[in-house]
Structures are given as C-alpha cells and as structure tokens.
Amino acid sequence: MTTGTKTKIERIGEAERRYVAQVLDTNFRTASGAKMCNNLERAFADRFSVGYAISFVNGTSTMHAALVAAGVGPGDEVIVPPLTMASTTFVVLQAGAVPVFADVDPDTFQIDAASVAELVTKRTKAIIPVALYGLSPDMDALMDIAERHELTVIEDDAETMFSTWKGKLLGTLGHMASFSFQSTKHLTSGEGGMLITNDGELARKVRQFNSLGYAGLDGGKGKITKDDIQNPEYARHVSYGYNYRMPELCAAVMLGQLERAEELVQRRIEVAELFLDVMSGCNWLKPQSTPEGCVNSYWALAVRLTADDICWTQFRDAFRLNGGDGIYAAWRLTYLEPMFANGCPVQHPAYDGTYQNFGPGLCPNAEMVQRQLLQFKTGYWEWDAAERQADILDRTIRELGG
C-alpha cells in the first residue's frame, strides 16, 4: 500500500470525468456495446489476479447471482452473520433459501467459524462471510468447513478493498467474492457491484443470471452480438435471469476509481490510525481487533464502548456537542428486524428442517457487540478535517473520563 500524502484527495477525479465524457460522446449507441464495462471487468480481474470479473448494478445482485450459480434454491440453508447490512440475508431469501445465523467473535466482530461449524446440516449449501468494516473473517477455518461439507463460500466484501488475510488478498479466498460500489464504499460509482471468481462454470452461470439468461454469454463475454439478435431464429434465453447489468456510466466512473484505488484506500487506513492513536490510552473503548498478519482497510473504524457508566447516546451526544461529525450505530441484528417477528419470511413446503428461533438470545455475542458499537467515519478526503475530528474525539474522551 502506498503512503498517503496527508493532503486533500479528490473523491472523484479527472480520470472518472474523462471516461464518463467518452460514454456520453457515444450517445449511448448500441454499436458501442459495453466498452466501459468490458474495460472495467478486465482491469478488476487483473487487479485481483482472478480469471473472471462480472459487473453488476449493485453489490446485492452480485450475491443473489452467486447463490443461484451455486445451485442454492428453495429449502436449502445458507449460513450468514446477523451483524451486518440486511442485504446479506435478503439475497438468501431472494434465492428461495433459508438464512441460518451464526454468532460473531466479540473481538473481531466477524462471523465465528466455530458457530458456523455447529450450524451445518444436510440442507446447508453455502456460507456468506462478511468482511465487516474492512477486516477479513477467519477464511482458513471457513474454507476448511466448506471443503469438509462441500459448501460454496461467497465472500461479501462490500466493506473492504485490498484487505488481506495472512498475506492473501481478500476476494481471492472463497469460491466467489462480491464487491459493492455504493456511495459510501472505498471505491464508488454511486451504485454498482462486481463479482469475481476463478471458476469458469460459475462465471458462466453468474453472467447468464446477470443478463436475462442470454445464450452465448460466459464469464468473459457480457453481451450478445448484432449477428445473433438479427437472426429471426435465434434462441436467446437459455435460462431464467435478471437484468442486473451495470450501466456504462457507472462503469466509466469505476474504471477511473480503480486507477486511483490505492490512494483512496490508504486514506481510510490513515484516518483510522489517526483515531486509534487518540483512543490508545482509553481502556473503555475497544477497537476492532486485527489479527496478526492481516490488513484492515477500514471502511469504518468500529469500536466497542464498554464503560458501565457511559451509555451509547451519551458518548454520541458529547462527541457531537464538541463539534464531531456524528457516530453511526451498528445495524440492528437482521433476525431482530420486524420482518422476522413471525419467523422466516419465506416458507418452503420442501423444507423439513427446523427454523431458528429468530429472537433475542439467538446470537449472544452479536447482540452484546451490536449495542456497544461506535462506527467512526474514515472517508475524510481533506486531511485537516480528519485531524479536527481526531482532536474532537480526544477532547470527548477526556471529558468523559478516558
């Protein structure tokens, strides 16, 4: 990773604007095909040294397609963490399957491999580990479980970019990996997503599900030709699929972002390190623990507030009163959302297993951690602004007795 300059960084730079202008200059003629998407996919695959990268309209459709490509369907089970954005669970329901919630590690906040191992049944088809806040889960343990039980591992890497697990680049360890380019992410095109894999057959299935089940598509080919569609006998749709393709304008922005990726990611790491230095003497703020040999890319800096006499809102209010930008709370655990109040939202006649009791007590560690988490923003593109926030954080900690 390159060293940051501690100066202002442009969130959207000249390259992004240049590529967008090139798309606009085509007047969206179909003859221009999917040039930007193709260029982006090749560049992304090269950056991760994988065989296939397939662009999507967002980082939720990526996982939906991955599950379908893996053969997940009605009655199957997919193990997920409850401490994350609900999309990780929604895609399981969209595939017609049953989400099974594994607990998390209280120090790393990542899905706990021991909990996953206890939840595997004959119905289990896949695991979706989430690289929460930019840190990798224990991918060695998860891949070992997957190999023993012939499960597909789909990395949800929406909150990470260039993080590593024991020297290995996250996104290259599971059978497939999903990235998000939503507006808050390390790299953004406003919306968008990417799925990567080294498996050609999975890539073909993902591509066809991504693009209306068109014949003739594969992991490296994202569009049918004029010669095909001008033939009245052409049988276009060989399978059921969605229109999940990334727009050319989003691809243009992402291509520019990818060229500047190291700079953008490094800034978040530097901001997190700045805040961590301020917190270092406070024994009631417990930052996310990064295992030795791993790199955390810090989509956000997540910290547990463990003081018995300081509540979450008290810290938040004091920070804001001092001029802080505010602090994000962790998502409500997915199984505690109202949609799960009456059990699994999707009922399957084919399912002969037992649904989990979607209520308090299901994942004790996750329930404890979720209530304590303070999520500090790391996307400060002006270094002076980051330093001001660090000073405000220091003053807040001292005022509250840290």
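Author: A helix axis here is a line fitted to C-alpha atoms over the stretch in contact, and angles run from 0 to 180 degrees between N-to-C directions. The model is predicted.

Take helix H2, residues 35–48, and helix H9, residues 248–259. Their axes come within 8 Å. They cross at roughly 35°. The crossing of H2 and H9 is left-handed. From H2, the contact draws on Lys35, Met36, Cys37, Asn39, Leu40, Ala43 and Phe44. H9 answers with Glu248, Ala251, Ala252, Met254, Leu255 and Leu258. By class, 10 of the residues in this contact are nonpolar, one is polar and two are charged.

Next, the aromatic rings. The whole structure has 22 aromatic pairs. One of them joins phenylalanine 56 and tyrosine 244. The centres of these two rings are 6.3 Å apart, and the planes stand at 50°, a tilted pair. Phenylalanine 56 sits in strand E1, residues 52–56. Tyrosine 244 sits in the loop between helix H8, residues 226–229, and H9. The pair links distant parts of the chain, 188 residues apart.

Now the empty space. Rolling a probe the size of a water molecule over the atoms shows where such space is left. One cavity of 30 Å³ or more turns up in the structure. The largest cavity holds about 40 Å³. Its lining consists of Phe275, Phe319, Asp325, Gly326, Phe376, Lys377, Tyr380 and Gln389. That lining divides into four nonpolar, two polar and two charged residues.

The lining of the second largest pocket counts six nonpolar, nine polar and four charged residues.

Conventions:
Residues are numbered from 1 along each chain as its sequence is written. This is a predicted model: local features need pLDDT of at least 70, side-chain atom pairs count only at pLDDT 80 or more; totals for chains, interfaces and linings use all residues. Side-chain values use heavy atoms; hydrogens and water are left out. Helices (H or I, at least four residues) and strands (E, at least two) are DSSP runs, numbered from the N terminus. A crossing is left-handed if the near helix is turned anticlockwise from the far one by less than a right angle, and right-handed if clockwise. Contact means heavy atoms within 4.5 Å. Ala, Val, Leu, Ile, Met, Phe, Trp, Tyr, Cys and Pro count as nonpolar, Asp, Glu, Lys and Arg as charged, and the others, Gly among them, as polar. On a 1 Å grid over the protein atoms alone, a cavity is a set of points where a 1.4 Å probe fits but cannot get out, and a pocket is an open set with protein on both sides within 12 Å along at least five of seven lines; lining residues have an atom within 4 Å of a point. Grid points are joined across faces, edges and corners, and a volume is the space filled by probe spheres set on the points. Rings of Phe, Tyr and Trp (its six-membered ring) pair if their centres lie within 6.5 Å; planes under 30 degrees apart count as stacked, over 60 as edge-to-face and the rest as tilted.
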